[in-house]
Amino acid sequence: MVAMKNADYFSAYILKIKTACPLPDEMAGHAIASMLIGHRMGLYDRAVAQGEKALLLLKEENTIPGALLQAVTIITSDAREKMPDQVTIKSSFDWEGQGPSHNGTTVISGDDTEYAFDTDSIQWLAVPLPEEKADIRDAYMLDTALMLLYGVAVCSSPMDEQAMEEHLYDYLIQRLGLYREEAEEAL
């Protein structure tokens, strides 16, 4: 059985992220929060547009950890893949009727290992995935990216904390519990 409750574990993780706060820019933090909420609500076009905006803002900073860029790329890539299945009306359109993420780029598909966290990212992850659990790698990468970016958005854009808590908190606690159990079983 997990010694520390998942909610307490997640709170400690968020506090660790807040202490290090790798993102001092509130505009990028708000874009990340908007991306997370859009992704969670199935507004994938919005998640892609906000993710691309966040990446542009993050690349302006030279002190941003690679794990943060990877996390935004993972969420944006996942949202881009899910856009064709979006069941809600597109969240906004331009004058030509194109969605906000239409820019002529291609959808990333196939081998996505370049969008996975590397060993230098472990310090930023809520729960490291044991090597032998490769069968859940893609879901783990997505969920871990959501957890990391949740913490980053909370520390850099406090105005978005309540909205993220309403849409993401319970989901992330549930997913964190699953990965903690997987990690314990591997020991």
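Over the ring of which residue does the charged end of Arg40 sit? The ring belongs to Tyr171, and the charged end of Arg40 is 4.1 Å from its centre. With that pair as a way in, here are some notes to read beside the structure. Please keep in mind that this is a predicted model.

1. Overall make-up. The chain has 6 helices and 0 strands. Read from the N terminus on, its elements run α-α-α-α-α-α. The chain has 187 residues, and 49% of them count as buried.

2. H2 against H3. Helix H2 covers residues 26-40 and packs with H3 at an angle of about 155°, the two axes being 8 Å apart. An angle over 145° counts as roughly antiparallel, and H2 and H3 are therefore roughly antiparallel to each other. As for handedness, H2 passes H3 in a left-handed crossing.

3. H4 against H5. Here the axes come within 9 Å and cross at roughly 120°. H4 and H5 are therefore oblique to each other. Their crossing is left-handed.

4. H1 against H5. Helix H1, residues 6-20, also has an axis that comes within 9 Å of the axis of H5, and the two cross at roughly 55°. The relation between H1 and H5 is therefore oblique. H1 passes H5 in a right-handed crossing, whereas the crossing of H4 and H5 is left-handed.

5. The structure holds 3 salt bridges. In one of them, the side chains of Glu52 and Arg80 meet at 2.4 Å, N to O. Glu52 sits in helix H3 (residues 44-60) and Arg80 in helix H4 (residues 66-82), so this pair links distant parts of the chain, 28 residues apart. How accessible is Arg80? Its relative accessibility is 14%, and Arg80 therefore counts as buried.

6. Are the two partners buried or exposed? Asp78 has a relative accessible area of 16% and is buried. Lys82, with a relative accessible area of 28%, is partly exposed.

7. Asp143 lies in helix H5 (residues 137-156) and Arg175 in helix H6 (residues 161-186), so the pair ties together parts that are 32 residues apart in sequence. Asp143 has a relative accessibility of 2% and so counts as buried.

8. An aromatic pair from H5 to H6. There are 4 aromatic pairs in the structure. One of them is formed by Tyr140 and Tyr179, which are edge-to-face, with 5.3 Å centre to centre and 80° between the planes. This pair links distant parts of the chain, with Tyr140 in helix H5 and Tyr179 in helix H6, 39 residues apart. Both Tyr140 and Tyr179 are buried.

9. Which residues form an aromatic cluster? Phe10, Tyr13, Tyr150 and Tyr169 form one. There is also a charge-over-ring contact to set beside the opening one: the charged end of Arg180 sits over the ring of Tyr9, 4.0 Å from the ring centre.

10. Ile37 and Leu168. Ile37 lies in helix H2. Its relative accessible area is 15%, so Ile37 is buried. Where the fold brings Ile37 and Leu168 together, their C-alpha atoms are separated by 7.3 Å, although the two residues are 131 residues apart along the chain.

How values were computed
Residues numbered from 1 in each chain as written. Predicted model: local features only at pLDDT ≥ 70, side-chain atom pairs only at ≥ 80, totals over all residues. Heavy atoms only, no water. Salt bridge = Lys/Arg side-chain N within 4 Å of Asp/Glu carboxyl O. Helix = DSSP H or I, 4+ residues; strand = E, 2+ residues; numbered from the N terminus. Buried < 20%, exposed > 50% of the residue type's maximum accessible area, 1.4 Å probe, protein only. Phe/Tyr/Trp six-rings, centres within 6.5 Å; stacked < 30°, edge-to-face > 60°. Lys NZ or Arg CZ within 6 Å of the ring centre and 35° of its normal. Axes fitted to C-alpha atoms, helices over the stretch in contact; angles between N-to-C directions. Parallel < 35°, antiparallel > 145°, perpendicular 65-115°, else oblique. Left-handed = near helix turned anticlockwise from the far one by under 90°.
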